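Subject: Handover of a structure

Dear colleague,

Please find below the structure that I am handing over to you. My notes on it follow directly after the display.

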Amino acid sequence: TELRRQLSGVLEQTRAEKSQANKRTSERKPESGRDDAETDFSEDEVTILTAVFSLQSKRVVHLLEPGRNDWPNIRMIGTHEKMELSLMQLITQWGVSRLPIYSERKNNIRGILLIKEQLVLDPDDKVPVASLRLRRPCLMDPSTSMFDALNVFQTGHSHMALITPHATEIAAAWNAGTEVPEHVTILGICTIEDVIEELIGEEVLDETDNPSTPGEQLAAQGG
């Protein structure tokens with residue numbers, strides 16, 4: 001495929017560059033005994049290259065993990081709620097940057113709320129969620145490849161996607177300003193972070209993902 005051809009070219013170029021770098025290093029430090037032809041990749045490089053080659057064959061449905069990002073476990077709020085202190089504290093505890101917003105039933109998604117845009121809200125004003133600016137998430141069929149998902153996320157339209165076999169029906173309802181049909185099924189969500197983790201072959205943790213204290217982290221690392 002075109003993807004494999006491009007990646008093969010990158011791989012060959014990388015090998016050539018590493019060979020040249022090893023040769024220059026050997027010339028500067030002949031005592032090291034390093035073989036000029038040595039072009040071994042590090043474990044991280046092998047992991048990333050392997051993951052990149054598999055992006056076209058892996059599907060976004062494989063990003064769904066029960067208890068994490070499958071639909072029954074997605075945190076969301078309804079349009080009937082108000083941004084009062086208790087709700088804002090709950091959202092803060094969740095530690096999310098985006099929230100799906102539903103109306104009456106949880107498959108009737110109206111958009112996603114960017115939490116950073118709500119920092120200026122005064123809890124005493126109890127602003128209705130229905131009056132807040134919502135963004136449309138991407139819609140992806142479960143069979144969408146992770147390579148195609150990455151391309152969609154790169155457009156900047158949204159960094160969150162609903163994984164659903166009824167993407168066309170949801171989009172039509174949004175465009176018409178009507179409710180999402182009751183029979184529509186949403187399997188879960190994925191984000192650009194999920195795809196990047198697949199790309200590098202490792203989990204990316206942030207402050208909310210790791211409850212360990214700095215001291216505990218050092219102890220676990222032998223520090």
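Strands S6 and S7 pair in the parallel sense, with three bridges between them. Leu139 has Leu162 of S7 as its bridge partner. Between the two strands the chain passes through helix H4 (residues 146-154), and this β-α-β crossover from S6 to S7 is right-handed. On pairing with S8, strand S7 runs antiparallel, and four bridges join the two. Here Met160 has Thr191 in S8 as its bridge partner.

The side chains of S7 (residues 160-163) are also worth a look. Met160 and Leu162 point one way, Ala161 and Ile163 point the other way, and all are buried.

**Confidence and overall composition**

Please bear in mind that this is a predicted model. The average pLDDT of the chain is 81, and 70% of the residues score at least 70. Where pLDDT is low, the predicted coordinates should not be read in detail.

The chain holds seven helices and eight strands. Of its 223 residues, 35% are buried. The accessible surface of the chain comes to about 13500 Å², and carbon and sulfur atoms account for 51% of that area. Among contacts between residues at least 6 apart in sequence, 61% join residues at least 24 apart.

**The sheet S1-S3-S4**

Three strands form an open sheet in the order S1-S3-S4, with mixed pairing. S1 and S4 stand at the edges with a single partner strand each, so one side of each has no neighbour in the sheet.

S1 pairs with strand S3 (residues 98-103) in the parallel sense over two bridges, and Ile77 stands opposite Ile101 in S3. S3 and S4 run antiparallel and are joined by six bridges. S4 is mostly covered, since seven of its 10 residues are buried.

**Salt bridges**

How many salt bridges does the model contain? The count comes to five salt bridges. I describe some of these below.

The side chains of Arg68 and Asp194 meet in a salt bridge, with an N to O distance of 3.2 Å. Arg68 lies in the loop between helix H2 (43-54) and strand S1 (77-78), whereas Asp194 lies in helix H6 (residues 192-200), so the pair ties together parts that are 126 residues apart in sequence.

Arg105 forms a salt bridge with Glu179, the closest N and O atoms being 3.5 Å apart. Arg105 lies in strand S4 (residues 105-114) and Glu179 in the loop between helix H5 (167-176) and strand S8 (188-191), so this pair ties together parts that are 74 residues apart in sequence. Glu179 counts as partly exposed, at 43% relative accessibility.

A further salt bridge joins the side chains of Glu117 and Arg135, at 2.3 Å from N to O. This pair links distant parts of the chain, 18 residues apart: Glu117 is in the loop between S4 and strand S5 (127-128), and Arg135 is in the loop between S5 and strand S6 (138-140). Both partners are partly exposed, Glu117 with a relative accessible area of 29% and Arg135 with one of 26%.

With kind regards

Note on methods
Residues are numbered from 1 along each chain as its sequence is written. This is a predicted model: local features need pLDDT of at least 70, side-chain atom pairs count only at pLDDT 80 or more; totals for chains, interfaces and linings use all residues. Side-chain values use heavy atoms; hydrogens and water are left out. A salt bridge is a side-chain nitrogen of Lys or Arg within 4 Å of a carboxyl oxygen of Asp or Glu. Buried means under 20% relative accessible area, exposed over 50%, partly exposed in between (1.4 Å probe, protein chains only). pLDDT is the predictor's confidence in each residue, from 0 to 100. Contact means heavy atoms within 4.5 Å. Accessible areas come from the Shrake-Rupley method with a 1.4 Å probe; for residues, only the protein chains shown count as cover. Two strands pair if DSSP finds at least two bridges between them. A crossover is right-handed if, with the strands pointing away from the viewer, the path from the first strand over the helix to the second runs clockwise.
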